[in-house]
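Please keep the sequence and model at hand.

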Amino acid sequence: MISTLCRFMFACLLLPCLWTAALAQAVSFPELNSAVPGHQDVTYFDLAKMIVPDLKSGGDGFYTGGAPIEMRDILGGDDGGSPPEAVNLPNAAVLAIKAGGKDRLAILLDLGQAQDSAEGFAALALYDLTGKPKLLDAVNVGTDRSTYFRDPGKLPISAGDDALITMSTHFNSNQGYVGTILILVRDDRFEPIDQINTFDENVCAYKRTQDLSFRTLGGDKPYAAIKVTVTDATKPSGESCEEPAPKAVSHDISVTYRWNKARSRYASNSDAFEKLSAENAKRF
């Protein structure tokens, strides 16, 4: 299992961009012992204990506990990581959302990795705080070593509904792997819309990035269409390298997801992201 120190150092490397996203979309990272706004008798620790029942303060700013409660993988099947035997939590990622016209709280807890798993395990939990706090749903959204809410965190898809965006990632010396999941909240349960896999390279001769952007398109009912665009850009480094430098190039790959009433789910208008994932896999 990756050590707490390694996870902390990795989070620090991503902190500048994550902090910008947090400020823009009200993703917060409260201390677990702090009270939930508007609920002074309820702390985030109380909510986290619904996911890790034996969670306790470790006395060093971290909270420790055993395995989390049983939960399904957001993508279905058994492809997600295994839950760790023990967890270390410094805080939680918290995002207030709308679901079915009601106020809900989404909390993302990156619980780390099991010893026999290449992927991390990250619990995305949905709470109703209108009365006594109630855990409505919990799923594993970890598909790689570290998991976060991805900017912009949430997308308004109706007057009373938000879609969520999470990302799992890891980096080596010159490659970055990111899996992004779009998530619908319906009937107080998480449902996957799609997973989008992107791949970045930074080698001597060039840097190639695949950045994601999201926007909603009005007019559709009950949920707005969601347009996702990957900007695939290659930029020569200008350095003297053994391999030849490619030309500077940038192009967009877009997929639109619309609500399919007959299938009762979002459906994409293209398999472009699947093709991109397959092309990226050849470059690993």
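How many bridges join β5 to β10, and do the strands run parallel or antiparallel? There are 2 bridges between β5 and β10, and the two strands run parallel. Strands here are DSSP runs of E with at least two residues, and helices are runs of H or I with at least four residues, both numbered from the N terminus. Two strands count as paired if DSSP finds at least two bridges between them.

## Basis and confidence

This is a predicted model, in which local features need pLDDT of at least 70, side-chain atom pairs count only at pLDDT 80 or more, and totals for chains, interfaces and linings use all residues. Residues are numbered from 1 along each chain as its sequence is written, and side-chain values use heavy atoms, with hydrogens and water left out.

pLDDT is the predictor's confidence in each residue, from 0 to 100. The protein chain has a mean pLDDT of 89, and 90% of its residues reach 70 or more. Confidence is highest in strand β10 (residues 134-140), at a mean of 98. It is lowest in helix α1 (residues 4-25), at 42. Over residues 1-25, pLDDT stays under 50. The model has 31 contacts (heavy atoms within 4.5 Å) for that stretch beyond four places in sequence. Where pLDDT is low, predicted coordinates should not be read in detail.

## The mixed sheet

β5 and β10 belong to an open sheet of 5 strands, ordered β5-β10-β9-β8-β7, with mixed pairing. Its edge strands are β5 (72-73) and β7 (93-99), and each pairs on one side only. Asp73 stands opposite Asn140 in β10.

## The antiparallel sheet

Another open sheet has 3 strands in the order β3-β4-β6, with antiparallel pairing. β3 (56-57) and β6 (87-89) each have a single partner strand, so one side of each lacks a neighbour in the sheet. β3 and strand β4 (residues 63-65) are joined by 2 bridges and run antiparallel. Lys56 stands opposite Thr64 in β4.

## Asp232

Asp232 is found in strand β16 (residues 225-236). Its relative accessible area is 3%, so Asp232 is buried (under 20%; over 50% is exposed, in between partly exposed; 1.4 Å probe, protein chains only).

Leaving out residues up to four places away in sequence, Asp232 touches Arg208, Thr209, Gln210, Val249, Ser250, His251 and Leu276. With Arg208, the link is a side-chain to side-chain polar contact at 2.8 Å. A polar contact is a pair of N or O atoms within 3.5 Å; within protein, one must be able to donate a hydrogen and the other to accept it, and residues adjacent in sequence count only if both atoms are side-chain atoms. Ala281 lies 49 residues from Asp232 along the chain, and their C-alpha atoms are separated by 15 Å.
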